Amino acid sequence: MLFGRDKKNPIKIADKGVVEWKYATCGYCSTGCSIEVGIDRKGKAVASRGVADADVNRGKLCIKGIFEHELFESAGRGTTPLMREHRWDAFTPVSWDAALDRTASEIQRIQTAYGRDAFSIVSTGQIMTEEFYTLGKLARGVIGTNNYDGNTTLCMSSAVSGYKRSFGSDGPPGCYDDFEHTDCLLAFGSNLPEQHPVIFWRLRDTLERRRFPIIVVDPRVTMFAQMADVHLPIEPGTDVVLLNALAHVILDEGLADKSYIDAFTDGFDDFRALVAQYDPQTASRICGIDEDTIRNVARTYAKAGAAMTIWTMGINQSTHGSDGVVGINNLNLITGNIGKPGGSSLSITGQCNAMGTREWSSCSGLPGYRALEKPQDRDEIARFWGVDPAFFPDKRGMFMTDILPAIETGQIRGLWLVATNPMTSMPNTARIRKTLEKLEFLVVQDAYRDVETNEYAHVYLPAALWAEKEGCMTNTERRVNLIRKVSEPPGDAKADLWIFNQLASRFTRADGMEFPDQAEQVFDEIRQLSRGRMLDYSGMSYDKIEQHRGLQWPCSDGPSEWAGGDSGDGTRRLYADGRFAFPDGKARLIALPFVDNNERPDEEYPFWFNSGRVVEHFHTRTRTGKVGNQNKFSPTPYMEMNPDAAQELGIRHGEYARVVSRRGDAVVMVQTTQRVPNDMVFVPFHFHDCVNRLTLGLLDPHSRQPAFKQCAARIEPIADQAAAAVRNKAARAY
Ligand code: SF4
């Protein structure tokens with residue numbers, strides 16, 4: 001007779017007939033897990049597994065990584081270029097020459113008729129660093145538009161802006177290893193277990209060996225909040241008030257690291273004068289956290305031997321996103337928690353290569369964290385590329401969130417989208433639809449021909465995805481990792497690098513300006529341009545990166561002042577010696593007065609409307625919406641609603657309801673839960689024609705990032721549940 005455990009069928013792992021494992025890095029989130037893709041005898045990718053000796057993930061993958069090989073045969077892929085005269089015509093398959101010739105001639109026509117900046121380029125955080133660099137060379141050195149940005153403005157630009165304002169440069173100073181050393185972790189607006197499951201596993205693994213306080217600031221009782229020692233259910237959009245109040249207590253009670261402040265920071269007097277106004281009693285009335293809790297958290301953080309803060313979109317996607325990041329940096333500067341093991345301001349980035357575009361795409365300036373505004377930077381790049389420095393604009397142009405409104409006013413007439421899907425990702429879908437309809441020419445370059453924005457395109461260019469090509473990506477902790485080519489792209493789809501190079505060949509270029517066609521040759525240009533800089537890649541090669549399972553910059557081929565000596569195997573932390581990237585070497589403490597400029601709930605729209613991710617899906621579901629298991633576990637959007645609020649409106653768990661804002665409405669299934677307070681609803685943002693039909697997306701003044709997380713809505717019951725179910729199913733079908 002069998003008992004207990006013995007009665008159960010053991011888990012059997014099917015033999016997929018793998019004959020070879022090929023090295024790559026996961027192409028979804030910024031955790032940067034090393035992954036191996038199993039190839040069977042017929043050359044087909046049939047399995048994915050985590051790489052055991054990779055420091056990032058130590059053999060683990062989340063559900064997205066485990067099924068990543070299925071992307072190679074996913075539905076909706078583009079296999080041939082498509083073209084049409086008007087957006088209401090049907091697409092016709094055409095040759096690459098025809099599609100690229102038309103694209104180049106439309107760019108030239110628009111620039112001749114309306115000026116160079118009337119044609120705009122918006123890219124992504126998804127392609128390889130070598131491709132970003134090449135697109136930047138094409139945009140800045142050949143096409144010459146200044147209205148060139150990436151969709152990372154929707155997720156990371158507040159972190160970039162905050163790092164630059166505090167430390168003088170972009171670049172997360174910390175790393176995952178800080179979990180092993182910290183004595184206190186404060187998380188702002190980050191639901192780590194769902195957003196970055198493997199980083200969460202690294203944290204949990206440490207906590208099993210050594211306990212330290214986990215403090216989670218989030219208006220929702222997220223999975224992370226449920227396991228925290230202290231949960232601060234903050235009023236949406238008031239993080240700056242809480243951060244000022246924490247600083248107030250730390251300074252007031254003499255808990256600050258005065259010697260660190262004196263030696264390594266500037267601006268203390270103004271900062272102290274400002275936070276003096278944010279006593280816990282005053283702050284608690286704005287941010288909703290009681291004054292004793294504010295005092296306790298401040299004391300716990302300041303008295304910890306080492307303390308670190310992590311954050312994601314809860315901070316970044318706000319009208320105070322950049323200030324929120326600066327507030328976190330202020331907190332860590334006054335407690336001496338930058339550049340030391342366990343002490344950090346670590347922004348957990350979003351897309352797999354959001355860091356690569358920040359470093360090398362030239363979106364915000366010139367490659368390698370160089371600025372258009374600095375003559376020396378302009379000269380260096382102009383000389384290296386072989387162009388006239390006067391060809392570069394004087395300062396950066398529009399952000400993505402300003403480019404789309406500029407189409408409405410006729411300032412921009414043509415747009416090239418690379419692996420980005422604004423029809424689903426931008427706030428206020430109805431407005432974006434009208435905006436895209438106004439374009440004289442739209443070219444969409446994407447791995448998927450069924451991406452929603454393609455409905456408005458005149459030309460579609462089918463791109464290879466992820467490991468259908470070779471190149472590097474940089475993760476949250478500045479680790480550059482490698483993707484080997486694992487599979488051929490379908491049909492006539494081409495690597496983005498090939499597409500950029502082909503387009504470059506259709507423009508007049510300066511004599512001697514080169515566009516190498518091998519990713520490794522491009523990587524060599526990056527290495528040369530990085531030597532001696534903070535983001536030094538000079539000590540890296542493809543083989544060395546693979547051997548180390550990724551290398552963290554600065555990684556130099558000689559002594560590096562940014563690494564404090566030899567950094568041939570990479571550098572874990574920035575600013576360890578207290579020298580920051582401003583010319584005087586000091587970090588800035590910045591006073592942050594709070595201005596409440598959000599749309600807030602009122603009588604007509606009484607709920608906060610909040611949005612976020614689920615573990616199964618990535619961004620606009622362009623990829624995960626095609627993978628069986630991801631859809632099986634998360635097939636449809638839902639709305640978290642407090643049971644008391646639902647009962648008051650006569651809505652039951654599992655019923656459909658209409659959520660309405662001043663911009664539009666959406667029908668979603670209600671899930672009653674105590675995870676949200678009485679005056680808030682939450683909907684995952686991944687689904688088309690849902691969350692962004694409602695969002696307002698006011699912009700942060702520094703980063704131009706939209707406040708996706710804060711707007712007002714009302715909820716209406718739906719009488720005809722059967723009709724709502726049918727409509728909902730039809731809307732979500734692929
Ligand atoms: Fe990929 Fe992120 Fe999951 Fe790792 S945690 S497997 S990088 S999606």
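**Figure 1. The closed barrel of the predicted model.** In this predicted model, 6 strands close into a barrel. Their order is E21-E25-E22-E24-E23-E26, and the pairing is mixed. Neighbouring strands of this sheet are turned against each other by 45° on average, direction ignored.

Figure 2. Strand E23 (residues 656–660) and strand E26 (residues 711–717) run antiparallel and are joined by 4 bridges. Arginine 658 has glutamate 716 of E26 as its bridge partner.

Figure 3. Strand E14 (residues 414–418) pairs with strand E15 (residues 441–446) in the parallel sense, over 5 bridges. Glutamine 445 in E15 is the bridge partner of valine 418.

**Figure 4. The largest nonpolar core.** This core has 126 residues. Those that touch the most other members are Leu138, Phe188, Leu242, Ile294, Trp416, Met540 and Trp553. Helix H9 (residues 239–252) supplies the largest share of the core, 10 residues. Apart from this core lies another one of 27 residues, which includes Tyr28, Met128, Cys352 and Val627.

**Figure 5. Surroundings of leucine 138.** Neighbours within four places in sequence are left aside in this view. The remaining contacts of leucine 138 are with Ile143, Gly144, Trp416, Phe500, Leu503, Ala504 and Phe515. Leu138 and Trp416 are both among the residues that touch the most other members of the largest nonpolar core.

**Figure 6. The shell around the ligand.** The ligand is surrounded by Cys26, Tyr28, Cys29, Thr31, Gly32, Cys33, Leu61, Cys62, Lys64, Gly65, Pro197 and Val198. Helix H2 (63–66) and helix H7 (197–209) are the elements that give two or more residues to this shell. By class, the shell residues divide into 8 nonpolar, 3 polar and 1 charged.

How values were computed
Residues numbered from 1 in each chain as written. Predicted model: local features only at pLDDT ≥ 70, side-chain atom pairs only at ≥ 80, totals over all residues. Heavy atoms only, no water. Core = buried A, V, L, I, M, F, W, Y, C linked by side-chain atoms within 4.5 Å. Buried < 20%, exposed > 50% of the residue type's maximum accessible area, 1.4 Å probe, protein only. Contact = heavy atoms within 4.5 Å. Pairing = 2+ DSSP bridges. Axes fitted to C-alpha atoms, helices over the stretch in contact; angles between N-to-C directions. Near = heavy atom within 4 Å. Nonpolar A, V, L, I, M, F, W, Y, C, P; charged D, E, K, R; others polar.
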